Amino acid sequence: EHSNHVTVVEMAPRDGLQNEKQPIDTARKIELVNLLSDSGFDRIEVTSFVSPKWVPQLADAAAVMAGIERRPGVRYAALAPNMQGFEAALAAGADEVAIFASASETFSQRNINCSIAESIERFRPVAAASRDRGVPLRGYVSCVVECPYEGAVLPKSVADVAWQLRALGCYEISLGDTIGRGTPEAVDRMLAAVLDELPVTTLAGHFHDTSGRALDNIAVALERGLRVFDAAAGGLGGCPFAPGAKGNVDTVAVHDYLMAHGYETGLDEEKLARAAAFARSLRSTS
Ligand code: HMG
Ligand code: MG
């Protein structure tokens, strides 16, 4: 009943680079996005319009957006936590904006400096503006299985926040195992709770690979009918506010897994490999 096509949303320029301590030249970030654009993605998350004090690595967000070569058919997305970020993202030419909430109160405070309820209020004008201006709005829920500060997170809490993001008008909710500690069993329980509230076509999986279980978690999500997954070329990534979080699951590994299991992605294997090698070269060795 579900399709064999899987959409892989590329995260390396944003989630992949945001935690890198050494400054990376804007020109190299642009080159990464261009290589990814060439690899067949429909959607690339390019950067974040957040406070440069909170995420210094992405302070050049507007310059990156201005420098990339825009390939027709590719949607270039950016994170925006508030109206200031939304306006800046649109001014810079973002095709899509993502708001990001958490299923854990402590992570919400550490990541965006407000409670979950406050974050939803803060997103309300962003959602209204995106609707008025015809900009697709994506939503994230972080800590869908575990929080680095609170431990296990209840599936019901995830479902509640996912529902609220959907009610705001997000066309898709990406469910984030922020610290990559989710087991397939826990992910499955979480998905069951979310699927009680939302149609599967509105959900995406966002797995970090800290414990090496990301592909197993994708398998469980595929079984549940999800067909959109976030991944980062080169396995780059981590969140500055989630101690211990490692990279997003590697796009090449996801692609290989999907091919081996009879799915198709539309990605060009060779070009993707080249982009992934370049992505890895941006990572500091420390
Ligand atoms: P705040 O300090 O509460 O914000 O931060 P504020 O509204 O009080 O403003 C304070 C200062 O920040 C002001 O500057 C504002 O102009 C500035 P000052 O007057 O002090 O010079 N400011 C901004 N500057 C640029 N762009 C903006 C912006 N907003 C305010 N949009 C805020 C609240 C949300 C801004 C801050 O906490 C923040 O930027 N957090 C970013 C957190 C972040 O980017 N985390 C990583 C991404 S989430 C993630 O990785 C998880 C995910 O991958 C899924 C998963 O794995 O789970 C998505
Ligand atoms: Mg992430």
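Modeller: Start with how a helix pair is described: axes are lines fitted to C-alpha atoms, over the stretch in contact, and angles run from 0 to 180 degrees between N-to-C directions. This is a predicted model. In it, the axes of α7 (residues 155-168) and α8 (residues 184-195) cross at roughly 40° and come within 8 Å.

Biologist: Which residues make the contact?

Modeller: From α7 they are P155, K156, V158, A159 and A162, and from α8 they are R189, M190, A193 and V194.

Biologist: What makes two residues of this contact charged?

Modeller: Lys and Arg count as charged, and the contact includes K156 of α7 and R189 of α8. The contact also has seven nonpolar residues and no polar ones.

Biologist: How do you know which residues surround ligand 1?

Modeller: A residue is included if its C-beta atom lies within 6 Å of the ligand. For ligand 1 that gives 26 residues, the closest being V50, G85, S142, G176 and T178. The largest share, three residues, comes from α4. By class, the shell has twelve nonpolar residues, 13 polar and one charged.

Biologist: How confident is the predictor in the chain?

Modeller: The average pLDDT is 96, and 99% of the residues score at least 70. For the complex, the predictor gives an ipTM of 0.99 and a pTM of 0.97.

Notes:
Residues are numbered from 1 along each chain as its sequence is written. Chains are lettered from A and ligands numbered from 1 in the order in which they are written. This is a predicted model: local features need pLDDT of at least 70, side-chain atom pairs count only at pLDDT 80 or more; totals for chains, interfaces and linings use all residues. Helices (H or I, at least four residues) and strands (E, at least two) are DSSP runs, numbered from the N terminus. Two residues are in contact if their C-beta atoms, placed from the backbone, lie within 7 Å. pLDDT is the predictor's confidence in each residue, from 0 to 100.
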